[in-house]
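I opened a new structure today and kept a notebook as I went.

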Amino acid sequence: MNQLERPQSHSRSKDRASSEFGMGLSAASVLVVDDEPGIRNFIVKILEPVVARVEQAANTEVASRFLDANHFDIVILDNVMPGTTGLEWLSEQRKLGFFADTILITAFADMDTAIEAMRAGAVDFVLKPFRSNQILNAVARCVDRVNLRRENYLLKYELASGNEQVRARLLGSSPEIEKIRATMARAAPLPTPVLLTGDTGTGKEVAARAIHLMSPRAEKPFVPINCATIAGDMIEHELFGHIRQDAGGRTVRHDGVFMNANGGTLYLDEIVELPLPVQAALLRVIEQRKIRPVGSSREVPLDLRFLFATNADMEAAVQDGRLREDLYHRINVLNIQMPSLRTRNGDLKELALMFIQQISKSLGVPPLTLSEGVLLNMARYDWPGNVRELRNLIERSLIVGEWASEFAVGGSDEEVEAVDSLAAVERRHILTVLDACDGNRAEAARRLGISRKTIDRKCAMWND
C-alpha cells in the first residue's frame, strides 16, 4: 500500500512545487555534495519529491565521478570539507569542464568567502543552519536563471530563421502532401534522425517543426540552425560550446547550441555546408549521445532529436568530398523528399488563401480577392521558388493593392470558394495540362487519359 501511495504523494508535491516555484523545478537535476550525512539526507529529502533527479556525494572524489557520468543542472556544494574545500574543487572542475550552476552552503558569511565564491563560479549561497524553504528558493532561482539564459540564447536562432512564416502547419491535400504527413506521423515519436530534402522554398523547415510538434519533445526547444550562415571557424564553438581562461585567470564557460537545446529538437539546415572536421564530431555526437565542448576534458551526456535538411545532391557531395560518407549514411535513415509547388497545383488555393489572410492581417492592409482566373494563372506558373515564392508574391501584391500583371485577369471574375467544387478542380487541371502541351488538345487528352472529344466539349462549355 505504501509503495502505491508514494508516487502519488511525490506527484502532488511536484504539482505544488510547480505552482509555487515554476514548472522548471520539476525537470531539474541536482547533485548534493557534503561530507555530513545528516545535511545531505535533509537536502535530498527536501528536493526528492519536487525535482526530476537528485543524487548525493559524500566527498569531492565521488562528486567528480558523478559529473563524469551525468549532467546536472545544479550542484549544492558544502565549502568546508576534509581535504579539498568545496570552492577549490569547484575551481578545478571548471577547468576540466563544469556545466552546472552551483549553490554554496557555508556557515561563514564573510565578504572574503562571498568574493571567493563568485570567482570560483558559484551563483548563490545558503547559510547554515538553513530551513527547507531556503534550499527550495535557492534551487528555484537557479532553475529560473538557467531557463532564462537558455531562452535568450536560443532566441537569436529562432529570429534568424524567420519564424513568422515557418510556424504555419503543413498545408495541402494533394497525394504528395498526404503521403508526407503519414510518414511524419510515423517518424515523429521515434528518436531516429530524419533527413528532409527538396528544392529551396518547398517547406523543409515547416515539415521539421511539424515533426517536432507531433513528438514527445513538443514542449522542449526546437532550434533551427542554418549551417551556411555561421563562419566555418566559429561553427564548432557555436555548436559544442567552449571553456577558456580570461585575462584574470578565471575559467569562463560558454554553453553552445547542443547544451542549450538539450532535451529538444535540433534542426540543421544545409548540412552539406558543415566543415569536414565538424562533420566528424557531429557523427560522434549522433552515435554516442555525448559532446565534448572545445577546451573541455569532460564529455557531457546529451539528449537531442536530430533533423537535417539540404537542397543539395548529397550523393554528389559525398563524391566531391564535401560530405563524409559515414555521416551521410548515418543521417539518411529516413529521407522525406519535399515536393516542388509545380507538382502540387491542387494545393495552390489553400496555400494562397492562408497567406492572404495571414499577411493582410499582419500588414494591416485589405485582403485581395483570389478569383478563379488568378488561381488559374497561378496554376500555369512554374514556381521556381516554390512555396516561399508564392508567399513573397502575395505579400508584394498586398502591399501594392493588386495582383502582378502575369497573374491578374481583366473584367469581372468570381472569387473562389473556400472549398473547391469538383468542376473547378477539373477545369483548372485540364487547362493547366493544355498549357503544358502548348494548346495541343490531342496530346493533352493522351496525358489526361480522356478522349479528344471530351476536351473539345469542356473547352466549348467554358468559352460560352
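Below are my entries, in the order I made them.

**Entry 1: ground rules**

I am working with a predicted model, where local features need pLDDT of at least 70 and side-chain atom pairs count only at pLDDT 80 or more, while totals for chains, interfaces and linings use all residues. Residues are numbered from 1 along each chain as its sequence is written, and side-chain values use heavy atoms, with hydrogens and water left out.

I also noted how elements are named. Helices (H or I, at least four residues) and strands (E, at least two) are DSSP runs, numbered from the N terminus. Two strands pair if DSSP finds at least two bridges between them.

**Entry 2**

I looked up an open sheet of five strands. Its order is β2-β1-β3-β4-β5, and the pairing is parallel. From one strand to the next, the twist averages 20°. (Axes are lines fitted to C-alpha atoms, for helices over the stretch in contact; angles run from 0 to 180 degrees between N-to-C directions.)

I then checked a pair. β4 (residues 101-106) runs parallel to β5, with five bridges between them. I103 has D124 in β5 as its bridge partner.

Helix α2 (residues 37-47) touches β1 (29-33), β2, β3 (74-78) and β4. Contact here means heavy atoms within 4.5 Å. The direction of α2 makes about 180° with that of β2. Helix α4 (residues 86-96) touches β3, β4 and β5, and its direction makes about 145° with that of β3.

**Entry 3: another sheet**

I found five strands in the order β7-β10-β13-β6-β14, forming an open sheet with parallel pairing. β7 (222-226) and β14 (334-337) stand at its edges. Each has a single partner strand, so one side of each lacks a neighbour in the sheet.

Four bridges join β6 to β13 (residues 305-310). T197 stands opposite T310, and L195 has F308 as its bridge partner. β6 also pairs with β14, in the parallel sense, over four bridges. There V194 stands opposite L334.

Which way do the β6 side chains point? V194 and L196 point one way, L195 and T197 the other, and all are buried. Buried means under 20% relative accessible area, exposed over 50%, partly exposed in between (1.4 Å probe, protein chains only).

**Entry 4: cores**

A nonpolar core is a set of buried Ala, Val, Leu, Ile, Met, Phe, Trp, Tyr and Cys residues joined through side-chain atoms within 4.5 Å. The largest one has 39 residues, and F258 and L282 touch the most other members. Helix α12 (residues 276-288) gives the largest share, five residues. Leaving aside neighbours within four places in sequence, F258 is in contact with residues including L239, L282 and F306. Another core, of 24 residues, lies apart; A28, V44, I76 and I105 are among its members.

**Entry 5: a helix pair**

My last stop was α15 (residues 348-363) and α16 (residues 372-380). Their axes come within 10 Å and cross at roughly 115°. L348, K349 and A352 in α15 meet L375, M378 and A379 in α16.
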